[in-house]
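Here are a few notes to read alongside the model. Keep the structure open and find each residue as you go.

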Amino acid sequence: MRDMQQKRISRWYFGGVSSSAAACLTHPLDLIKVHLQTQQEVRVRMIGMTVNVVRREGYRALYSGLSASLCRQMTYSMSRFAIYETVRDKLYRKNKAPMPFYQKVLLGAFGGFTGGFIGTPADLVNVRMQNDVKLPAKLRRNYAHVFDGLLRVWRDEGIRKMFSGGTMASSRGALVSVGQLSCYDQSKQLFLANGFLTDNILTHVLASVFAGGCATVLCQPLDVVKTRLMNSKVEYGSVFACLTETAKLGPKAFYKGLVPAAIRLVPHTVFTYVFLEQLRQHFGQVVVA
(Lines give C-alpha, C1' and ligand atoms only; values in the text may rest on other atoms or scores of the structure.)
Protein backbone atom coordinates (compact mmCIF):
# COMPACT_ATOMS: atom_id res chain seq x y z
CA MET A 1 0.00 0.00 0.00
CA ARG A 2 2.91 2.35 0.73
CA ASP A 3 4.13 2.02 -2.88
CA MET A 4 0.74 2.96 -4.28
CA GLN A 5 0.40 6.58 -5.34
CA GLN A 6 -2.00 8.75 -3.38
CA LYS A 7 -3.85 11.82 -4.59
CA ARG A 8 -6.43 14.27 -3.31
CA ILE A 9 -9.92 14.54 -4.77
CA SER A 10 -12.48 17.28 -4.24
CA ARG A 11 -15.02 16.98 -1.44
CA TRP A 12 -18.67 17.24 -2.47
CA TYR A 13 -19.21 20.74 -1.06
CA PHE A 14 -16.04 22.37 -2.44
CA GLY A 15 -17.81 23.47 -5.63
CA GLY A 16 -20.39 25.49 -3.73
CA VAL A 17 -17.77 27.12 -1.50
CA SER A 18 -15.53 27.99 -4.48
CA SER A 19 -18.42 29.38 -6.53
CA SER A 20 -19.57 31.51 -3.59
CA ALA A 21 -16.08 32.97 -3.15
CA ALA A 22 -15.93 33.71 -6.89
CA ALA A 23 -19.41 35.32 -6.77
CA CYS A 24 -18.20 37.80 -4.13
CA LEU A 25 -15.59 39.04 -6.62
CA THR A 26 -17.74 39.06 -9.77
CA HIS A 27 -21.17 40.11 -8.41
CA PRO A 28 -21.08 43.69 -9.80
CA LEU A 29 -20.53 42.28 -13.30
CA ASP A 30 -23.50 39.93 -12.84
CA LEU A 31 -25.69 42.84 -11.72
CA ILE A 32 -24.80 44.95 -14.78
CA LYS A 33 -25.47 41.93 -17.02
CA VAL A 34 -28.99 41.56 -15.57
CA HIS A 35 -29.67 45.28 -16.12
CA LEU A 36 -28.58 45.06 -19.76
CA GLN A 37 -30.70 41.96 -20.41
CA THR A 38 -33.88 43.47 -18.93
CA GLN A 39 -33.79 46.54 -21.17
CA GLN A 40 -36.67 46.50 -23.65
CA GLU A 41 -34.48 48.37 -26.13
CA VAL A 42 -30.72 48.75 -26.25
CA ARG A 43 -30.34 52.23 -24.78
CA VAL A 44 -27.06 52.05 -22.86
CA ARG A 45 -24.05 49.75 -22.95
CA MET A 46 -22.06 48.20 -20.15
CA ILE A 47 -20.03 51.26 -19.07
CA GLY A 48 -23.05 53.55 -19.33
CA MET A 49 -25.19 51.18 -17.26
CA THR A 50 -22.50 50.96 -14.56
CA VAL A 51 -22.21 54.75 -14.40
CA ASN A 52 -26.02 55.09 -14.19
CA VAL A 53 -26.28 52.63 -11.28
CA VAL A 54 -23.44 54.25 -9.32
CA ARG A 55 -24.73 57.77 -10.00
CA ARG A 56 -28.29 56.92 -8.90
CA GLU A 57 -27.66 54.60 -5.95
CA GLY A 58 -23.97 54.74 -5.06
CA TYR A 59 -21.24 52.09 -5.19
CA ARG A 60 -23.01 49.81 -2.70
CA ALA A 61 -25.78 49.28 -5.27
CA LEU A 62 -23.32 47.21 -7.34
CA TYR A 63 -23.64 44.57 -4.61
CA SER A 64 -27.45 44.56 -4.51
CA GLY A 65 -28.67 41.00 -4.19
CA LEU A 66 -25.36 39.55 -3.01
CA SER A 67 -27.10 37.41 -0.35
CA ALA A 68 -29.33 35.88 -3.05
CA SER A 69 -26.33 35.31 -5.30
CA LEU A 70 -24.51 33.45 -2.51
CA CYS A 71 -27.65 31.41 -1.73
CA ARG A 72 -27.89 30.51 -5.42
CA GLN A 73 -24.27 29.35 -5.52
CA MET A 74 -24.76 27.23 -2.38
CA THR A 75 -27.78 25.51 -3.99
CA TYR A 76 -27.23 25.50 -7.76
CA SER A 77 -23.44 25.27 -7.95
CA MET A 78 -23.02 23.01 -4.94
CA SER A 79 -25.52 20.53 -6.43
CA ARG A 80 -24.02 20.40 -9.91
CA PHE A 81 -20.42 20.17 -8.71
CA ALA A 82 -21.35 17.52 -6.13
CA ILE A 83 -23.10 15.37 -8.77
CA TYR A 84 -20.42 15.81 -11.44
CA GLU A 85 -17.30 15.40 -9.33
CA THR A 86 -18.62 12.57 -7.15
CA VAL A 87 -19.70 10.44 -10.13
CA ARG A 88 -16.58 11.30 -12.16
CA ASP A 89 -14.19 10.37 -9.33
CA LYS A 90 -16.02 7.10 -8.59
CA LEU A 91 -15.93 6.08 -12.26
CA TYR A 92 -12.25 7.00 -12.47
CA ARG A 93 -11.39 4.79 -9.50
CA LYS A 94 -13.50 1.97 -10.94
CA ASN A 95 -12.19 2.12 -14.53
CA LYS A 96 -8.67 3.41 -13.75
CA ALA A 97 -9.03 5.83 -16.67
CA PRO A 98 -10.63 9.24 -17.34
CA MET A 99 -14.19 9.33 -18.67
CA PRO A 100 -14.64 9.84 -22.43
CA PHE A 101 -15.62 13.40 -23.35
CA TYR A 102 -19.18 12.49 -24.36
CA GLN A 103 -19.76 10.99 -20.91
CA LYS A 104 -18.43 14.18 -19.31
CA VAL A 105 -20.86 16.19 -21.42
CA LEU A 106 -23.82 13.99 -20.41
CA LEU A 107 -22.84 14.04 -16.74
CA GLY A 108 -22.25 17.81 -16.79
CA ALA A 109 -25.64 18.37 -18.44
CA PHE A 110 -27.41 16.17 -15.88
CA GLY A 111 -25.68 17.83 -12.92
CA GLY A 112 -26.35 21.31 -14.31
CA PHE A 113 -30.02 20.57 -15.06
CA THR A 114 -30.59 19.23 -11.54
CA GLY A 115 -28.67 22.07 -9.90
CA GLY A 116 -30.47 24.66 -12.04
CA PHE A 117 -33.86 23.46 -10.81
CA ILE A 118 -32.75 23.34 -7.15
CA GLY A 119 -31.32 26.86 -7.41
CA THR A 120 -34.32 28.45 -9.20
CA PRO A 121 -35.95 30.14 -6.14
CA ALA A 122 -32.67 31.80 -5.10
CA ASP A 123 -32.01 32.75 -8.73
CA LEU A 124 -35.44 34.38 -9.00
CA VAL A 125 -34.84 36.51 -5.91
CA ASN A 126 -31.30 37.29 -7.11
CA VAL A 127 -32.54 38.69 -10.45
CA ARG A 128 -35.26 40.75 -8.73
CA MET A 129 -32.90 42.20 -6.10
CA GLN A 130 -30.37 43.16 -8.75
CA ASN A 131 -33.01 44.76 -10.98
CA ASP A 132 -34.63 46.69 -8.10
CA VAL A 133 -32.06 49.49 -8.14
CA LYS A 134 -33.08 50.68 -11.62
CA LEU A 135 -36.85 50.73 -10.91
CA PRO A 136 -38.76 53.80 -9.66
CA ALA A 137 -39.09 53.79 -5.85
CA LYS A 138 -42.81 52.91 -5.87
CA LEU A 139 -42.26 49.84 -8.07
CA ARG A 140 -39.39 48.34 -6.07
CA ARG A 141 -39.85 45.11 -4.18
CA ASN A 142 -37.26 46.09 -1.56
CA TYR A 143 -36.36 42.60 -0.32
CA ALA A 144 -34.21 42.97 2.80
CA HIS A 145 -32.21 39.82 1.98
CA VAL A 146 -32.60 36.51 0.18
CA PHE A 147 -34.70 34.84 2.89
CA ASP A 148 -37.05 37.83 3.05
CA GLY A 149 -37.40 37.60 -0.73
CA LEU A 150 -38.07 33.86 -0.72
CA LEU A 151 -40.66 34.21 2.05
CA ARG A 152 -42.48 37.07 0.32
CA VAL A 153 -42.56 35.32 -3.06
CA TRP A 154 -43.96 32.17 -1.42
CA ARG A 155 -46.49 34.13 0.65
CA ASP A 156 -47.64 36.68 -1.96
CA GLU A 157 -47.25 34.83 -5.25
CA GLY A 158 -47.35 31.14 -4.35
CA ILE A 159 -44.97 28.21 -4.52
CA ARG A 160 -45.29 27.95 -8.32
CA LYS A 161 -43.89 31.46 -8.79
CA MET A 162 -40.79 30.45 -6.81
CA PHE A 163 -39.99 28.10 -9.68
CA SER A 164 -40.93 30.60 -12.40
CA GLY A 165 -38.41 30.17 -15.18
CA GLY A 166 -37.33 26.82 -13.71
CA THR A 167 -37.29 25.14 -17.12
CA MET A 168 -35.05 27.84 -18.55
CA ALA A 169 -32.86 27.92 -15.44
CA SER A 170 -32.42 24.14 -15.58
CA SER A 171 -31.67 24.19 -19.31
CA ARG A 172 -29.20 27.04 -18.84
CA GLY A 173 -27.63 25.16 -15.92
CA ALA A 174 -27.15 22.13 -18.18
CA LEU A 175 -25.47 24.19 -20.93
CA VAL A 176 -23.30 26.19 -18.53
CA SER A 177 -22.17 23.00 -16.81
CA VAL A 178 -21.26 21.37 -20.13
CA GLY A 179 -19.17 24.46 -20.89
CA GLN A 180 -17.65 24.83 -17.43
CA LEU A 181 -17.35 21.34 -15.92
CA SER A 182 -16.97 19.12 -18.97
CA CYS A 183 -14.82 21.50 -21.04
CA TYR A 184 -12.63 22.37 -18.04
CA ASP A 185 -12.02 18.71 -17.30
CA GLN A 186 -11.25 17.87 -20.91
CA SER A 187 -8.99 20.86 -21.58
CA LYS A 188 -7.08 20.29 -18.31
CA GLN A 189 -6.64 16.63 -19.27
CA LEU A 190 -5.29 17.61 -22.71
CA PHE A 191 -2.95 20.25 -21.24
CA LEU A 192 -1.49 17.72 -18.80
CA ALA A 193 -1.22 14.99 -21.46
CA ASN A 194 1.11 17.03 -23.67
CA GLY A 195 3.79 17.01 -20.95
CA PHE A 196 4.56 20.75 -21.12
CA LEU A 197 2.26 21.70 -18.23
CA THR A 198 1.85 20.28 -14.75
CA ASP A 199 -1.11 20.33 -12.34
CA ASN A 200 -0.47 23.91 -11.21
CA ILE A 201 -2.28 27.24 -11.15
CA LEU A 202 -1.24 28.17 -14.72
CA THR A 203 -2.91 25.04 -16.07
CA HIS A 204 -6.00 25.72 -13.97
CA VAL A 205 -6.25 29.31 -15.29
CA LEU A 206 -5.77 28.33 -18.95
CA ALA A 207 -8.31 25.49 -18.76
CA SER A 208 -10.85 27.66 -16.93
CA VAL A 209 -10.56 30.56 -19.41
CA PHE A 210 -11.37 28.13 -22.23
CA ALA A 211 -14.24 26.61 -20.22
CA GLY A 212 -15.68 30.02 -19.36
CA GLY A 213 -15.69 31.04 -23.03
CA CYS A 214 -17.48 27.83 -24.03
CA ALA A 215 -20.07 28.27 -21.28
CA THR A 216 -20.80 31.89 -22.27
CA VAL A 217 -21.48 31.10 -25.92
CA LEU A 218 -23.60 28.04 -25.10
CA CYS A 219 -25.87 29.60 -22.50
CA GLN A 220 -26.32 33.24 -23.52
CA PRO A 221 -29.63 32.90 -25.47
CA LEU A 222 -31.22 30.92 -22.63
CA ASP A 223 -29.78 33.32 -20.07
CA VAL A 224 -31.51 36.27 -21.72
CA VAL A 225 -34.89 34.48 -21.81
CA LYS A 226 -34.49 33.21 -18.23
CA THR A 227 -33.72 36.72 -16.93
CA ARG A 228 -36.75 38.20 -18.74
CA LEU A 229 -39.05 35.47 -17.40
CA MET A 230 -37.91 35.83 -13.81
CA ASN A 231 -38.11 39.60 -13.80
CA SER A 232 -41.55 39.86 -15.39
CA LYS A 233 -44.74 40.49 -13.42
CA VAL A 234 -47.43 39.98 -16.08
CA GLU A 235 -45.62 40.42 -19.40
CA TYR A 236 -45.11 36.77 -20.38
CA GLY A 237 -47.64 33.97 -19.98
CA SER A 238 -45.19 31.19 -20.85
CA VAL A 239 -41.65 30.40 -21.96
CA PHE A 240 -42.85 30.34 -25.58
CA ALA A 241 -44.42 33.80 -25.21
CA CYS A 242 -41.15 35.12 -23.80
CA LEU A 243 -39.20 33.54 -26.67
CA THR A 244 -41.61 35.07 -29.20
CA GLU A 245 -41.45 38.57 -27.70
CA THR A 246 -37.65 38.41 -27.47
CA ALA A 247 -37.41 37.19 -31.08
CA LYS A 248 -39.42 40.22 -32.22
CA LEU A 249 -36.50 42.38 -31.12
CA GLY A 250 -34.29 40.54 -33.61
CA PRO A 251 -31.69 37.73 -33.39
CA LYS A 252 -29.21 40.00 -31.62
CA ALA A 253 -31.64 40.25 -28.68
CA PHE A 254 -30.74 36.68 -27.66
CA TYR A 255 -27.11 37.75 -27.34
CA LYS A 256 -27.84 41.03 -25.57
CA GLY A 257 -25.22 41.52 -22.88
CA LEU A 258 -22.85 38.92 -24.42
CA VAL A 259 -19.71 40.94 -23.66
CA PRO A 260 -20.61 41.65 -20.02
CA ALA A 261 -21.77 38.03 -19.72
CA ALA A 262 -18.34 36.88 -20.90
CA ILE A 263 -16.60 39.49 -18.74
CA ARG A 264 -18.56 38.12 -15.78
CA LEU A 265 -18.67 34.38 -16.54
CA VAL A 266 -15.04 33.89 -17.64
CA PRO A 267 -13.52 35.49 -14.49
CA HIS A 268 -16.14 33.72 -12.36
CA THR A 269 -15.12 30.38 -13.93
CA VAL A 270 -11.42 31.17 -13.43
CA PHE A 271 -11.86 32.19 -9.76
CA THR A 272 -14.12 29.19 -9.10
CA TYR A 273 -11.60 26.68 -10.42
CA VAL A 274 -8.56 28.37 -8.90
CA PHE A 275 -10.28 28.27 -5.49
CA LEU A 276 -11.58 24.73 -6.11
CA GLU A 277 -8.18 23.35 -7.12
CA GLN A 278 -6.51 24.98 -4.12
CA LEU A 279 -9.13 23.48 -1.80
CA ARG A 280 -8.65 20.09 -3.46
CA GLN A 281 -4.85 20.19 -3.24
CA HIS A 282 -4.75 21.30 0.39
CA PHE A 283 -7.94 19.95 1.97
CA GLY A 284 -9.19 17.30 -0.45
CA GLN A 285 -9.98 13.69 0.42
CA VAL A 286 -6.92 11.44 0.12
CA VAL A 287 -7.46 8.35 -2.05
CA VAL A 288 -5.25 5.74 -3.67
CA ALA A 289 -4.77 6.63 -7.34
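1. A residue counts as buried when its relative accessible area is under 20%. With that cut-off, arginine 88 and aspartate 89 are both buried. Please keep in mind that this is a predicted model.

2. These two residues also pair up: arginine 88 forms a salt bridge with aspartate 89, and their closest N and O atoms are 3.1 Å apart. The pair belongs to a network, in which salt bridges with shared partners join Glu85, Arg88, Asp89 and Asp185. Searching the whole structure gives 14 salt bridges.

3. Now look at glutamate 277 and lysine 188, whose side chains meet in a salt bridge at 2.9 Å, N to O. Glutamate 277 sits in helix α11 and lysine 188 in helix α8 (residues 166-193), so this pair ties together parts that are 89 residues apart in sequence. Glutamate 277 has a relative accessible area of 4%, so it is buried. Lysine 188 is buried because its value is 12%.

4. Glutamate 245 is partly exposed at 37% relative accessible area, whereas lysine 248 is exposed at 60%.

5. Finally, where is histidine 268 found? Helix α11, residues 258-283, contains histidine 268. Its relative accessible area is 3%, so histidine 268 is buried. Leaving out residues up to four places away in sequence, histidine 268 touches Ser19, Ala22, Ala23, Thr26, Gln73 and Gln180.

Terms used. Residues numbered from 1 in each chain as written. Predicted model: local features only at pLDDT ≥ 70, side-chain atom pairs only at ≥ 80, totals over all residues. Heavy atoms only, no water. Helix = DSSP H or I, 4+ residues; strand = E, 2+ residues; numbered from the N terminus. Buried < 20%, exposed > 50% of the residue type's maximum accessible area, 1.4 Å probe, protein only. Contact = heavy atoms within 4.5 Å. Salt bridge = Lys/Arg side-chain N within 4 Å of Asp/Glu carboxyl O.
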